[in-house]
Amino acid sequence: MVDHVSSEPRTRSWWGWGWEDQALTDAECTALGGLVPGLPDTPLPVPRVTDLDLPAPRAAVPAALDAICDSSPEARAAHARGKAYRDVIRALHGDVGAAPDVVLRPRDEADVVAVLDWASDADVAVVPFGGGSSVVGGVECPAGSHAGVATLDLTALDRVLEIDRTSRAARIQAGVLGPALEDQLRPHDLTLRFFPQSFEFSSLGGWIATRAGGHYATLRTHIDDLVESVRMVTPIGVSESFRLPGSGAGPSPDRLVLGSEGTLGVVTEAWMRLQDRPRHRRSTTATFETAADAFAAVRSVAQSDLNPANCRLLDPAEAALSGAGPGDRFVLVLGFESAVLPVGDRFEMLVELVRDHGGTVAAPRVDGDGSGSERDAVADTWRSAFLRMPYRRDGMARMSALTETFETATTWDRIEELYEVVRHEVAAVIREVTGGDGLVTCRLTHVYPDGAAPYFTVIAAGRRGSELVMWDQVKAAVMDVLSRSRATVTHHHAVGRDHRPGYDRQRPEPFAVALRAAKAALDPAGVLNPGVLIDP
């Protein structure tokens with residue numbers, strides 16, 4: 001077993017994103033809110049658990065599970081919802097809805113089996129919970145469908161159990177959060193190299209269950225690409241696939257687990273494909289005057305087989321919002337990395353390709369650490385803003401702004417039209433809902449030879465007390481335009497409960513029939529995360 005490396009404890013925010021000590025102050029919230037006309041002058045107060053009116057727990061946990069049981073108000077509140085804008089707004093107004101009756105923290109797989117056995121017999125819904133960073137309503141369970149609700153917090157299953165250096169893979173428990181995982185791989189000079197924006201606060205099991213997207217803009221974009229085999233506990237038994245580099249033996253059992261969002265079983269372990277840690281890096285940015293030139297350049301990059309690690313296109317509004325540009329040009333953030341060979345030749349080829357499409361490429365800055373790598377100042381500014389964005393979102397929510405993101409994907413022949421249609425239609429809905437203009441920005445987060453994933457941000461003035469209703473109207477319009485455009489309802493944020501209407505329209509009905517049959521077979525009592533993907 002690999003030694004676990006722990007870090008200094010910090011306090012997570014129960015109502016908002018990330019660490020409590022990183023949240024915006026009242027003064028910072030007020031200053032940020034001042035940028036959006038029509039918002040109140042002062043922020044909503046930070047909510048306190050002691051002010052919540054939590055109902056008494058309904059579920060009676062058997063004595064055999066006492067050691068892993070927590071029914072404290074703090075635990076129940078922290079596990080009631082995820083970290084979407086809807087979740088934050090409700091918490092700010094003191095509404096945690098149907099908080100779980102109990103939080104169970106299994107110490108090993110046997111505890112997971114015991115919980116599912118009890119829950120199936122007692123008609124208690126079980127919501128698997130990793131880092132709790134869901135932004136699609138994936139970890140909340142409405143009251144009424146079952147005799148009780150239990151959250152299954154897997155974060156105690158946080159070990160790298162075995163490393164196969166020859167095959168460059170590791171057997172990893174599903175509850176490990178991103179930083180702890182990398183801490184345990186680092187002494188072996190290995191890395192999973194999977195860094196979603198939620199990296200600090202999300203788990204391996206959560207990445208697998210939601211088919212999360214990492215930081216790579218090309219090639220290994222989704223967690224799917226890194227999974228070698230998965231072990232999942234279901235109410236009828238344990239499912240574990242063979243460790244294989246590839247297989248043509250029928251439908252893949254791993255594909256059933258990937259994206260199942262806790263409704264078919266509980267992921268407890270996985271063998272994951274690792275990489276050697278990168279030693280060579282170069283990055284730069286380029287600017288474009290028109291959308292046509294910018295999209296054409298990115299498409300050429302995606303189809304070039306040069307495979308940069310980073311290829312993020314920011315539209316002018318997104319560039320200005322993140323401090324990466326003045327707001328009059330598209331900004332392309334590019335980066336290469338390698339553990340084996342210098343990346344200079346591929347980098348220069350990419351630079352020439354971008355210039356051929358009208359891009360103005362910035363001069364790189366050479367690092368002074370002796371690595372020989374080159375970094376770009378604008379790219380570094382964008383990275384810092386990217387990691388800070390969720391905290392700023394919470395600050396804007398405290399000012400009663402509508403501030404949220406949504407993401408999608410479509411093919412290159414539709415990408416520019418989708419970009420324009422979404423921006424204009426969503427902007428029109430914002431005017432209708434709020435009575436004023438809002439901001440709709442976009443960036444491309446992942447690119448493929450046949451298409452790309454646009455990621456939109458919405459900021460507008462809300463009315464205090466009506467923020468949720470207003471955002472739901474905007475969100476419904478978003479789902480409508482994506483469905484009409486035959487773009488996916490989500491590229492990497494998962495379906496949860498928030499995206500169910502769009503997912504139901506996107507999913508072929510014969511597949512829905514098969515999914516319902518799989519749910520009935522694996523979870524006969526229907527206790528696992530009811531309402532996610534399919535109706536209970």
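I took a salt bridge to be a side-chain nitrogen of Lys or Arg within 4 Å of a carboxyl oxygen of Asp or Glu. With that criterion I searched the whole structure, which is a predicted model, and the search returned 43 salt bridges.

**Entry: arginine 81 and glutamate 140**

I then checked accessibility and recorded both arginine 81 and glutamate 140 as buried.

**Entry: arginine 211 and aspartate 224**

I turned next to the salt bridge of arginine 211 with aspartate 224, in which the closest N and O atoms are 2.8 Å apart. Both partners sit in the loop between helix H6 (204-210) and strand E8 (227-234), 13 residues apart. I recorded arginine 211 as partly exposed because its relative accessibility is 37%, whereas aspartate 224 counts as buried because its value is 8%.

I found that the side chains of arginine 484 and aspartate 480 meet in a salt bridge with an N to O distance of 2.9 Å. Both residues belong to helix H13 (residues 467-484) and lie four residues apart, which is about one turn of the helix. Arginine 484 has a relative accessible area of 49% and is therefore partly exposed, and aspartate 480, at 36% relative accessibility, is likewise partly exposed. I also followed salt bridges that share partners, and these join Arg81, Asp87, Arg90, Asp95 and Glu140 into one network.

**Entry: the five-stranded sheet**

I traced an open sheet of five strands in the order E5-E6-E10-E8-E9, with antiparallel pairing. Strand E5 (160-164) and strand E9 (237-240) are the edge strands, each pairing on one side only, and I noted an average twist of 10° from one strand to the next. Within this sheet I looked at E8 and strand E10 (residues 266-273), which pair in the antiparallel sense over six bridges, and I saw that valine 230 stands opposite alanine 270 in E10. Helix H5 packs on the sheet, where it touches E5 and strand E6 (169-173), and its direction makes about 45° with that of E5.

**Entry: helix H8 against helix H12**

I examined the packing of helix H8 (residues 291-302) on helix H12 (residues 412-434), for which the angle is about 150° and the axes are 11 Å apart. H8 passes H12 in a right-handed crossing. I listed the residues that meet here: Ala291, Ala292, Phe295, Val298, Arg299 and Ala302 in H8, and Trp412, Ile415, Glu416 and Tyr419 in H12. I sorted the residues of this contact into eight nonpolar and two charged, with no polar ones.

Terms used
Residues are numbered from 1 along each chain as its sequence is written. This is a predicted model: local features need pLDDT of at least 70, side-chain atom pairs count only at pLDDT 80 or more; totals for chains, interfaces and linings use all residues. Side-chain values use heavy atoms; hydrogens and water are left out. Axes are lines fitted to C-alpha atoms, for helices over the stretch in contact, and angles run from 0 to 180 degrees between N-to-C directions. Helices (H or I, at least four residues) and strands (E, at least two) are DSSP runs, numbered from the N terminus. A crossing is left-handed if the near helix is turned anticlockwise from the far one by less than a right angle, and right-handed if clockwise. Contact means heavy atoms within 4.5 Å. Ala, Val, Leu, Ile, Met, Phe, Trp, Tyr, Cys and Pro count as nonpolar, Asp, Glu, Lys and Arg as charged, and the others, Gly among them, as polar. Buried means under 20% relative accessible area, exposed over 50%, partly exposed in between (1.4 Å probe, protein chains only). Two strands pair if DSSP finds at least two bridges between them.
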